[in-house]
Amino acid sequence: MERIISFVEAIREATYQEMARDPTVIVFGLDVDDPKAIQGTTRGLVEKYGRERVFCTPLSEDAMTGVAIGMALAGLRPIHIHIRMDFLMLAMNQLVNIAAKSHYMYGGQVHVPIVVRSMIGKSWGQGAQHSQALYSFFMHVPGLKVVAPTTPHDAKGCLIHAIRDDNPVMYVEHRLLHFQKGPVPEQLYTVPPAKARVTVKGDDVTLVGISYMQVECLRAQRYLEDVGIHAEVIDPIWLSPLDIETIVASVRKTGALCVVDNGWTTCGASAEIIARVTECLQRVRDVRVRRMGFAPVTCPPTPTLESLFYPNARTIASAVYDLVKGGSHNWMPVERSDLKEIEFKGPF
Amino acid sequence: MYEKFYRSLYRSRRVEEEVARVYPTDKIKSPVHLSIGQEAVSVGVCEALRPDDVIFCSYRSHAAYLAKGGDLNQMIAEMYGKVTGCAKGKGGSMHLVDVAHGVMGASAVVGTTIAHAVGYAYAVKFQRKDSVVVSFFGDGATDEGVFYEIMNFAALKKLPVIFICENNSYAIHTHQVRRQSNPNIYERARVFGMPAERIEDDVLRIYERVSAAVQALRAGEHGPFFFECMTYRWKEHVGPNDDFHLGYRTREEAEPWFKNDQVKRLAEMIDARQRERIEQEVEAEILAAFDFAEESPFPDGVELFTDVFREAK
């Protein structure tokens with residue numbers, strides 16, 4: 001029988017098992033050993049592996065990212081955890097100027113195997129600086145790998161790969177996905193880069209959902225199915241390197257592509273995916289495209305505005321309906337309680 | 001001992017003089033930040049180290065690279081952009097590296113590598129090794145926020161790292177007194193609970209004090225240690241020339257530093273025949289290194305796309 005565990009438990013298990021397998025893996029970040037244990041993802045690690053391998057840090061994101069790089073240069077495999085992706089802005093110099101570039105600018109003499117875990121928030125008034133999904137910043141820079149798993153299975157497999165990868169990996173988690181449950185093998189396995197997953201098969205339109213928007217796309221697919229539109233849903237999993245071939249193959253079949261990002265659209269992952277698909281398919285097939293993502297504003301905390309800020313299953317279904325049928329139909333599915341958005345149960 | 005010091009000082013000075021001489025030919029296609037005048041810090045510190053100790057550097061790192069044992073041929077070839085360079089022509093003068101000799105890299109972004117040294121020191125302690133880590137940075141780096149973050153962490157974890165602040169008074173063209181409310185860099189380090197002192201431009205004194213710190217660390221005393229080494233950059237911030245004409249500093253200010261030249265000082269402390277032999281050997285080595293760079297090929301086009309990621313073994 002398949003074992004069902006949560007996304008949180010999958011991350012914890014991957015870390016726990018990799019630390020047992022490889023004594024060079026160490027974990028640090030703000031609050032990794034406090035009673036809340038990063039939503040539970042680091043629970044039990046300090047008791048098992050001790051304070052030298054699992055430790056909380058000063059509030060010094062810039063320096064501690066440099067420390068991670070220095071550790072990696074000395075043969076360790078650090079996992080640096082940030083409870084908010086927004087906080088990574090304090091570490092950009094080390095990530096972009098050093099972690100990404102060391103292997104190249106030192107002619108291959110060194111490598112920097114670090115994992116940087118960070119979390120995107122949503123709901124319950126996360127607001128301007130607890131909600132940002134900034135992975136496209138990192139996709140822009142050669143030398144960084146970026147992954148945003150959406151299922152417990154991939155959370156474990158991607159983290160194990162990230163730890164073993166000899167390059168810096170930005171491992172991006174969405175707080176709402178932490179509540180997801182699903183089948184996860186107990187043994188160690190990896191979900192390697194550059195392999196997207198087709199999560200639902202369909203012929204009418206390709207729907208790519210990134211990070212938490214994968215969940216909303218799966219719901220949108222159900223709404224669309226009700227009106228006879230069969231969407232193929234794809235989870236890219238790894239954003240860099242990106243498996244564009246799987247998406248191109250799907251769009252070659254469907255002729256329509258909607259990319260729903262859990263971030264802003266301008267210069268974002270959705271823009272990148274659509275640009276690459278249209279480059280590949282120009283003169284091969286006419287393709288209709290649509291980007292969806294955050295409204296181009298700062299995230300507001302008040303629920304009435306926040307609900308307009310994010311795409312959701314119904315707005316996605318509505319946009320895809322127009323994309324498939326052509327024109328503007330103002331169709332919006334009636335909300336189904338069985339597909340209702342998972343609510344974050346705050347406050348915290 | 002003095003012969004060894006003199007060889008290292010003379011070698012560093014002469015390598016950079018040759019770099020400066022060749023620079024106008026445009027064969028070196030890389031901005032050079034010469035260490036000329038500051039060699040005593042690199043030599044005094046690195047003479048106190050073992051081969052398995054490591055250093056992290058700033059962009060003004062030619063002297064430290066050489067003093068730690070970095071390969072001269074690969075250094076010159078790197079500046080020429082040749083595939084035989086220490087980074088295959090992908091790093092340039094500001095990113096010299098020689099892992100085999102403990103030169104762990106240098107950054108063009110001020111202050112950046114201090115944190116790497118401290119992370120490395122964490123690993124050294126974790127691995128129960130008795131090697132030490134040295135972080136070289138300038139007074140400009142102490143303007144940066146990361147400096148204070150990392151002083152705190154290094155002291156908190158009592159790491160085997162020696163901080164060497166090469167205070168040459170200038171960040172590009174701006175004097176320390178125009179940037180810092182109090183020019184008390186070593187006193188600021190003391191606030192974090194680490195031994196810290198200021199050393200004047202004296203290669204033997206630097207060697208002596210840093211050796212004592214290294215021995216203490218090897219004997220199991222905890223770190224970090226901090227030294228503010230007073231020094232002076234003779235040439236322009238970047239490039240091979242003098243820059244007294246710019247007006248941000250005067251030749252009069254520089255005169256005492258010229259008079260205190262540690263290369264000359266050590267030259268006078270050793271036997272004349274020994275000195276001649278050292279100089280001949282170094283000159284031959286430098287000549288060979290520039291020939292090596294001249295004759296080496298540029299990287300093939302395919303090199304553009306290698307080393308972005310390290311592939312799994």
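Colleague: How many helices and strands does chain A have in this predicted model?

Modeller: The secondary structure of chain A consists of 12 helices and 14 strands. Its radius of gyration is 20 Å, close to the 20 Å that the globule rule gives for 348 residues, so chain A is as compact as a globular protein of that length. Along the principal axes, the C-alpha atoms of chain A fill a box of roughly 60 × 45 × 45 Å.

Colleague: What percentage of the residues in chain A is buried?

Modeller: Buried residues account for 55% of the 348 in chain A. As for contacts between residues at least 6 apart in sequence, 78% of those in chain A join residues at least 24 apart.

Colleague: How do I read a pair of helices, and at what angle do the axes of H3 and H4 of chain A cross?

Modeller: Two packed helices are described by the angle between their axes and the distance between the axes. Here, the axes of H3 (residues 61-73) and H4 (residues 92-99) of chain A come within 8 Å and cross at roughly 30 degrees. Angles under 35 degrees count as roughly parallel, and H3(A) and H4(A) are therefore roughly parallel to each other. On H3(A), the contact is made by Asp62(A), Thr65(A), Gly66(A) and Ile69(A); H4(A) brings Asn93(A), Gln94(A), Leu95(A), Ile98(A) and Ala99(A). By class, these residues are four nonpolar, four polar and one charged.

Colleague: Which helix supplies the largest share of the side of chain A that touches chain B?

Modeller: In total, 33 residues of chain A are in contact with 35 residues of chain B. H3(A) gives the largest share of the chain A side, nine residues. H3, H4 and H5 (102-105) of chain A each supply at least two residues. That side has 15 nonpolar, 15 polar and three charged residues.

Key: Residues numbered from 1 in each chain as written. Chains lettered and ligands numbered in written order. Predicted model: local features only at pLDDT ≥ 70, side-chain atom pairs only at ≥ 80, totals over all residues. Axes fitted to C-alpha atoms, helices over the stretch in contact; angles between N-to-C directions. Helix = DSSP H or I, 4+ residues; strand = E, 2+ residues; numbered from the N terminus. Parallel < 35°, antiparallel > 145°, perpendicular 65-115°, else oblique. Contact = placed C-beta atoms within 7 Å. Nonpolar A, V, L, I, M, F, W, Y, C, P; charged D, E, K, R; others polar. Rg over C-alpha atoms; globule rule 2.2 N^0.38 Å. Buried ≥ 20, exposed ≤ 12 C-beta atoms within 10 Å, placed from the backbone.
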